[in-house]
Amino acid sequence: MPHAVVVGGGIGGLSTAVGLHRIGWRVTVLEQASAFAEIGAGITLWPNALRALEALGLHAQVRDLGAPQRSGGMRTGTGRWLLHMDGESLARRLGRPMLGVHRASLHTALLEALPPDALHAGVRIGELTEDGTVPGLDLPPADLVVGADGINSRIRAQYWPDHPGPSYSGITSWRAICRRDEHTEIATSWCMGREFGIVPLVDGRIYWYGAMPAPEGARDADEHAFVREHFAWHSPIPELIDATPAADVLRHDIRYLRTPLGSYVHGNVALLGDAAHAMTPHLGQGGCQALEDAAVLVAACARFGTVTEALRHYDAERRPRSQQIARASYWSGRLGPQLVNPFAVALRNAGMRLIPQRAVARNLTRVCSWTPPRITLP
Ligand SMILES: Cc1cc2nc3c(=O)[nH]c(=O)nc-3n(C[C@H](O)[C@H](O)[C@H](O)COP(=O)(O)OP(=O)(O)OC[C@H]3O[C@@H](n4cnc5c(N)ncnc54)[C@H](O)[C@@H]3O)c2cc1C
């Protein structure tokens, strides 16, 4: 039985492990945190990601994972709609609706699909040989090592030592989940270079996020009050912030890989997810791309006779697409919420009001119409 050592128990690492386990591999997931867990925030999963999850064998789990988004769009800081989409017709074009998902629900669904003895928490990898030997763990040699250890990947630093690593985008984000009983639509509001997004989840929970330029590493004594002061533009934003316990507000600087990697593969080591292509979150595709990576890698391992061939195929399939989406995501931020020049903002807003819904849908289709390769079971 071939054996894969997966470094990192995030969305990318766990979904890869689920797929490899399903095609009959032994998998070992090494996670530095003392327990496998996700942060208390939401994530949007687009149809491409949902298809990847289904290809990995998670049909039933996908059905219950999150809230389908029926309608919503983009607004100005006064609350005026710049663009309002009919979610039903968008879902018809994309093949299915996008889901708003609690990260913990996705994490739990992935963990439950793995044998408990595959999971090793509290194991921080500094360096790893290509046979995946970990002092203190009695493991067979690894046929495949997957670096799914996120944006600060140690595996990338070890095997791609010339890569400069992540860069700060200049933007900081705040995220949280609160409860609201009233009907709330998915929406993003843009105002003075800032952005506030609202994503309904299931059971009356709402995920919200704010993003604005700030010095790298800056922190505020009261992040909740900071968000209230800088983002409470129009209803329902103040209500959502007020409904959020102050201690639940998370703050993270947004970083990304400005220099794309020339390969995602070194010997029998493959990079995946943020380790390979961390991107700014403006298209809501970082996690979705990690799921696509997982589906392609697993399908290649099932199809090809050797790991070398499988990884060659994985790199050729995944690098162009994920890097193109990373570029598109970056420019969506620069030309969207991050514009501050009043003339450019007026031009952007006028353009957005004039765009027909089908043109927006066409653009989304380019990103979301991806379909996974068939994974052949043994
Ligand atoms: C503000 C914001 C909003 C976002 N919104 C969306 C969205 O709506 N939709 C979407 O698709 N994506 C979104 N993303 C992107 C998404 O969160 C990431 O792309 C995704 O989580 C990457 O998953 P990953 O498994 O590659 O990495 P991670 O989730 O970073 O997982 C890496 C794991 O590896 C572990 N690890 C790290 N180093 C080591 C080590 N040395 N040894 C052992 N373990 C290690 C970490 O503890 C972690 O558990 C957003 C990102 C941000 C910042």
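Reader: Why does glutamate 223 count as buried?

Author: First, a caution: this is a predicted model. Glutamate 223 has a relative accessibility of 13%. Buried means under 20%, and 13% is under that cut-off, so glutamate 223 counts as buried.

Reader: What makes glutamate 223 and arginine 251 a salt bridge?

Author: The N to O distance between their side chains is 3.1 Å. A salt bridge needs a side-chain nitrogen of Lys or Arg within 4 Å of a carboxyl oxygen of Asp or Glu. The pair has an arginine and a glutamate at 3.1 Å, so the term applies. This pair links distant parts of the chain, with glutamate 223 in helix 7 and arginine 251 in strand 14 (residues 250–256), 28 residues apart.

Reader: Is arginine 251 buried or exposed?

Author: Buried, because its relative accessible area is 11% and the cut-off is under 20%.

Reader: How many salt bridges does the structure hold?

Author: The structure holds 11 salt bridges. One of them joins glutamate 182 and arginine 180, with the closest N and O atoms 3.4 Å apart.

Reader: What makes glutamate 292 and arginine 318 a salt bridge?

Author: Their closest N and O atoms are 2.8 Å apart, and the limit is within 4 Å. This pair also links distant parts of the chain: glutamate 292 is in helix 10 (residues 286–303) and arginine 318 is in helix 11 (residues 307–335), 26 residues apart. Both glutamate 292 and arginine 318 are buried.

Reader: What makes the contact between serine 189 and histidine 234 a polar contact?

Author: The side chains of serine 189 and histidine 234 are in contact at 2.8 Å. A polar contact is a pair of N or O atoms within 3.5 Å, one able to donate a hydrogen and the other to accept it. At 2.8 Å the pair is inside that limit, so the contact is called polar. Serine 189 lies in strand 11 (residues 186–191) and, at 2% relative accessibility, counts as buried.

Reader: Which residue other than glycine has a positive phi near 50°?

Author: Methionine 192 has that value. Methionine 192 is in the loop between strand 11 and strand 12 (194–200). It counts as exposed because its relative accessibility is 58%. Aspartate 203 is not a glycine either, and has a positive phi of about 60°. Aspartate 203 lies in the loop between strand 12 and strand 13 (205–213), and with a relative accessible area of 58% it is exposed.

Reader: What makes the peptide bond from serine 235 to proline 236 worth a look?

Author: That bond is cis, with omega near 5°. Proline 236 lies in the loop between helix 7 (223–231) and helix 8 (237–242).

Reader: Why is arginine 362 called partly exposed?

Author: Its relative accessibility is 43%. Buried is under 20% and exposed is over 50%; 43% falls in between, so arginine 362 is partly exposed. Arginine 362 lies in helix 13.

Reader: What makes the patch of Arg93, Arg358, Arg362 and Arg366 a positive one?

Author: Lys and Arg count as positive. The patch is formed by Arg93, Arg358, Arg362 and Arg366, so it is called positive. Helix 13 (residues 357–368) gives the most to the patch, with three residues.

Technical notes: Residues are numbered from 1 along each chain as its sequence is written. This is a predicted model: local features need pLDDT of at least 70, side-chain atom pairs count only at pLDDT 80 or more; totals for chains, interfaces and linings use all residues. Side-chain values use heavy atoms; hydrogens and water are left out. Patches are made of residues with over 30% relative accessible area and no salt bridge: like charges are joined within 9 Å, nonpolar side chains (Val, Leu, Ile, Met, Phe, Trp, Tyr) within 5 Å. Accessible areas come from the Shrake-Rupley method with a 1.4 Å probe; for residues, only the protein chains shown count as cover. The place of a charge is taken as NZ of Lys, CZ of Arg, CG of Asp or CD of Glu. Helices (H or I, at least four residues) and strands (E, at least two) are DSSP runs, numbered from the N terminus. Buried means under 20% relative accessible area, exposed over 50%, partly exposed in between (1.4 Å probe, protein chains only).
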